Amino acid sequence: MIFRQLAAFLIALLLFCYPLSAQAADTPAPPSYSGGTLTGRDFSGQNLQMAEFASANMHMANFSNADLRGSVFSTSIMTSVNMHGADLTYAMLDQVNLNSADLTDAIFQEALLLRAIFGDANITGADFTDAILDGAQVKQLCKNASGVNPKTGVATRDSLGCR
């Protein structure tokens, strides 16, 4: 027990005393748009990995074909948003309003989507493999699930576990 504590202390001391590598120090922080009003904003085709959009208003924003892997959209308004072909692998979209959103061919692999609202969203070809959704969401999405994602080759119904 004491040995583990001493080892952890020494590792922490080494990490604190030695500066980060030049490569890590030159890596820019991901962009943050949290709390912003981004209505109608065009983010199409952009690399926005790990970007923060929490509590933002993005009504009618365009994220088509954007790389949004690991991005955070928690509690945002994303009504009528265009996410056609966007990659949202590992993204957090909990408590997000996606009413009337175009989610065709989007990738939501291992994304967190609890309490997200999908009213009238187009999910044709979307891949929800291993995404975290509650049972009511899956039941709702399965009613309109169709198509196959062109990048992953996974059928939308299969990714949701529809019966």
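This is a predicted model: local features need pLDDT of at least 70, side-chain atom pairs count only at pLDDT 80 or more; totals for chains, interfaces and linings use all residues.
Trainee: What percentage of the residues is buried?
Mentor: Of the 163 residues in the chain, 39% are buried.

Trainee: And the secondary structure, how many helices and strands?
Mentor: There are 4 helices and 0 strands. Along the sequence the pattern reads α-α-α-α.

Trainee: Among contacts between residues at least 6 apart in sequence, what share joins residues at least 24 apart?
Mentor: That share is 8% in this chain.

Trainee: Let us turn to the core. Which residues touch the most other members of the largest nonpolar core?
Mentor: Phe53, Phe63 and Phe73 do, in a core of 41 residues.

Trainee: What is Phe63 in contact with, leaving aside its neighbours within four places in sequence?
Mentor: With that exclusion, the contacts of Phe63 include the aromatic residues Phe43, Phe53 and Phe73. Leu48, Leu68, Met58, Met78, Met83, Val81 and Ala86 are also among them, as are Ser44 and Asn82.

Trainee: Which residues form the aromatic cluster?
Mentor: Tyr33, Phe43, Phe53, Phe63 and Phe73 form one aromatic cluster.

Trainee: How many aromatic pairs are there?
Mentor: The count comes to 9 aromatic pairs. One of them is formed by Phe43 and Phe53, with an edge-to-face geometry of 5.6 Å centre to centre and 85° between the planes. Both residues lie in the loop between helix H2 (22-26) and helix H3 (135-142), 10 residues apart.

Trainee: Are Phe43 and Phe53 buried or exposed?
Mentor: Phe43 is buried, and Phe53 is buried as well.

Trainee: Why is the pair of Phe53 and Phe73 stacked?
Mentor: The ring centres of Phe53 and Phe73 are 4.8 Å apart and the planes meet at 5°, so the pair is stacked; the cut-off for stacking is an angle under 30 degrees. Phe53 and Phe73 both lie in the loop between H2 and H3, so their pair ties together parts that are 20 residues apart in sequence.

Trainee: What about burial for Phe73, what is its relative accessibility?
Mentor: Phe73 has 0% relative accessibility and therefore counts as buried. Phe53 likewise counts as buried because its relative accessibility is 0%.

Trainee: Next in sequence is Ser74. Where is Ser74, and what does it touch?
Mentor: Ser74 has its place in the loop between H2 and H3. Not counting residues up to four places away in sequence, Ser74 touches Ala54, Ser55, Met92, Asp94 and Val96. Ser74 counts as buried because its relative accessibility is 11%.

Trainee: Ser55 makes me think of Gly35. How far apart are Gly35 and Ser55?
Mentor: Gly35 and Ser55 are 20 residues apart in sequence, while their C-alpha atoms are 4.8 Å apart in space. Gly35 lies in the loop between H2 and H3. Leaving out residues up to four places away in sequence, Gly35 touches Ala54, Ser55 and Ala56.

Trainee: Is Gly35 buried or exposed?
Mentor: Gly35 is exposed, with a relative accessible area of 55%.

Trainee: Switching to polar contacts, which side chains does the side chain of Thr104 meet?
Mentor: The side chain of Thr104 makes a polar contact of 2.3 Å with the side chain of His84.

Trainee: Where does Thr104 sit, and what else is in contact with it?
Mentor: Thr104 sits in the loop between H2 and H3. Leaving aside neighbours within four places in sequence, Thr104 is in contact with Met83, His84, Gly85, Asn122 and Thr124. At 9% relative accessibility, Thr104 counts as buried.

Trainee: Last topic: how many disulfides are there, and which cysteines are joined?
Mentor: There is 1 disulfide. It joins Cys142 to Cys162, with an S to S distance of 1.9 Å.

Trainee: Why is the disulfide of Cys142 and Cys162 left-handed?
Mentor: The torsion about the S-S bond is about -90°, so this disulfide is left-handed. Cys142 lies in helix H3 and Cys162 in the segment after helix H4 (156-160), so the pair ties together parts that are 20 residues apart in sequence.

Trainee: Are the two cysteines buried or exposed?
Mentor: Cys142 counts as buried at 14% relative accessibility, and Cys162 is buried with a relative accessible area of 17%.

Key
Residues are numbered from 1 along each chain as its sequence is written. Side-chain values use heavy atoms; hydrogens and water are left out. Rings of Phe, Tyr and Trp (its six-membered ring) pair if their centres lie within 6.5 Å; planes under 30 degrees apart count as stacked, over 60 as edge-to-face and the rest as tilted. Helices (H or I, at least four residues) and strands (E, at least two) are DSSP runs, numbered from the N terminus. Buried means under 20% relative accessible area, exposed over 50%, partly exposed in between (1.4 Å probe, protein chains only). Contact means heavy atoms within 4.5 Å. A nonpolar core is a set of buried Ala, Val, Leu, Ile, Met, Phe, Trp, Tyr and Cys residues joined through side-chain atoms within 4.5 Å. A polar contact is a pair of N or O atoms within 3.5 Å; within protein, one must be able to donate a hydrogen and the other to accept it, and residues adjacent in sequence count only if both atoms are side-chain atoms. A disulfide is a pair of cysteine sulfur atoms within 2.5 Å.
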